Amino acid sequence: AIRCALALAQPEFVWMVNTDTVVAEDALSRLIQAADERPYIGLWGSSLCYYDDPGVLQALGGGRYYPLLGRAKLHAKGRQAKGAAKSRRDLAEQSINYIMGASLFIRTEALQAVGGFDESFFLYAEEVDLATRARAKGYPLGVAPKSLVYHKVSRSTGGKHSALYSFHMARSAVIYLTKHWSLLAACASVPLLITLAILQSK
């Protein structure tokens, strides 16, 4: 869909949001403002809040992905959303290595430079792979704390205890490791990924 849209038009930015999100009225304008202020940043993330608990952050921008575990630590998870606008943006940007796909704002130039998303991921870690390739091309990650997006969290896959969630988390980790580390690392991670999936499903 993104490739088709870019074939018809050449916008300066592309904003991708999950279907299980609700965005604040000024969420997009806050992203554009942040991007205009720092034109060297390639990808931007919003303050993601829980839809069912809008006063609490799910993540500020994104998180740090640990491919051997197939899991990520979300930055500022559980903190009060009302303080997001005053959060240290620099600390968030130093702490994350990817932007959460629930709200991912990217310069078209950066998206085209990396060749878009790798469709082999299907679910999960596709935004991690995109950010890894973008950073390798010299496009830093940024956070726009005043851009608020409310996320219903994994409802499309049945939640974190569903078999579908566990399977695709493990599958995506193996694809990521094979692509960015080595086949040996991917194979070595499989027993741990299976164990984590079993434990999480209980």
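Is Gly78 buried, exposed or partly exposed, and what is its relative accessible area? Gly78 is partly exposed, with a relative accessible area of 45%, where buried stands for under 20% relative accessible area, exposed for over 50%, and partly exposed for what lies in between, computed with a 1.4 Å probe on protein chains only. The structure is a predicted model, in which local features need pLDDT of at least 70 and side-chain atom pairs count only at pLDDT 80 or more, while totals for chains, interfaces and linings use all residues. Residues are numbered from 1 along each chain as its sequence is written, and side-chain values use heavy atoms, with hydrogens and water left out.

Gly78 belongs to the loop between β6 and α3 (89-95), the helices (H or I, at least four residues) and strands (E, at least two) being DSSP runs numbered from the N terminus. When residues up to four places away in sequence are not counted, Gly78 touches Val56 and Leu57, contact being defined as heavy atoms within 4.5 Å. Gly78 and Leu104, which are 26 residues apart in sequence, are 20 Å apart in space from C-alpha to C-alpha.

Strand β6 is also part of an open sheet of three strands, which has the order β6-β5-β7 and antiparallel pairing. In this sheet β6 (71-74) and β7 (98-99) stand at the edges with a single partner strand each, so one side of each is left without a neighbour in the sheet; two strands are taken to pair if DSSP finds at least two bridges between them. Four bridges connect β5 and β6 in the antiparallel sense, and in β6 the bridge partner of Tyr66 is Arg71. These two strands form a hairpin with four residues between them, and Gly70 in the turn has a positive phi of about 65°. Strand β5 (residues 62-66) is joined to β7 by two bridges, again antiparallel, and Gly63 has Tyr98 as its bridge partner in β7.

Among the helices, α2 (residues 27-37) has Ala27, Leu31, Ala34 and Ala35 buried. Seen down the axis of α2, its buried residues fall within an arc of 100°, so they line one face of the helix, the arc being that of the directions from the helix axis to the C-beta atoms. The buried residues of α2 pack against several strands, including β1 (13-17), β3 (43-50) and β9 (141-151).

Helix α5 (residues 126-136) is mostly covered, with eight of its eleven residues buried. One of the residues in α5 is Asp129, which is buried with a relative accessible area of 0%. The side chain of Asp129 makes a polar contact of 2.6 Å with the side chain of His180; such a contact is a pair of N or O atoms within 3.5 Å, of which, within protein, one must be able to donate a hydrogen and the other to accept it, and residues adjacent in sequence count only if both atoms are side-chain atoms. Helix α5 is followed by Gly138, whose phi is positive, near 95°.

Helix α7 (residues 183-201) has 19 residues and reaches 26 Å from its first C-alpha to its last, close to the 27 Å expected at 1.5 Å a residue, a span given by 1.5 Å times one less than the number of residues. A kink of about 40° lies at Val190, shortly before the proline Pro191, the bend being the angle between axes fitted to the seven residues ending there and the seven starting there. The buried residues of α7 include Ala185, Ser189 and Leu193, and what covers the buried residues of α7 includes β6 and α6 (163-180).
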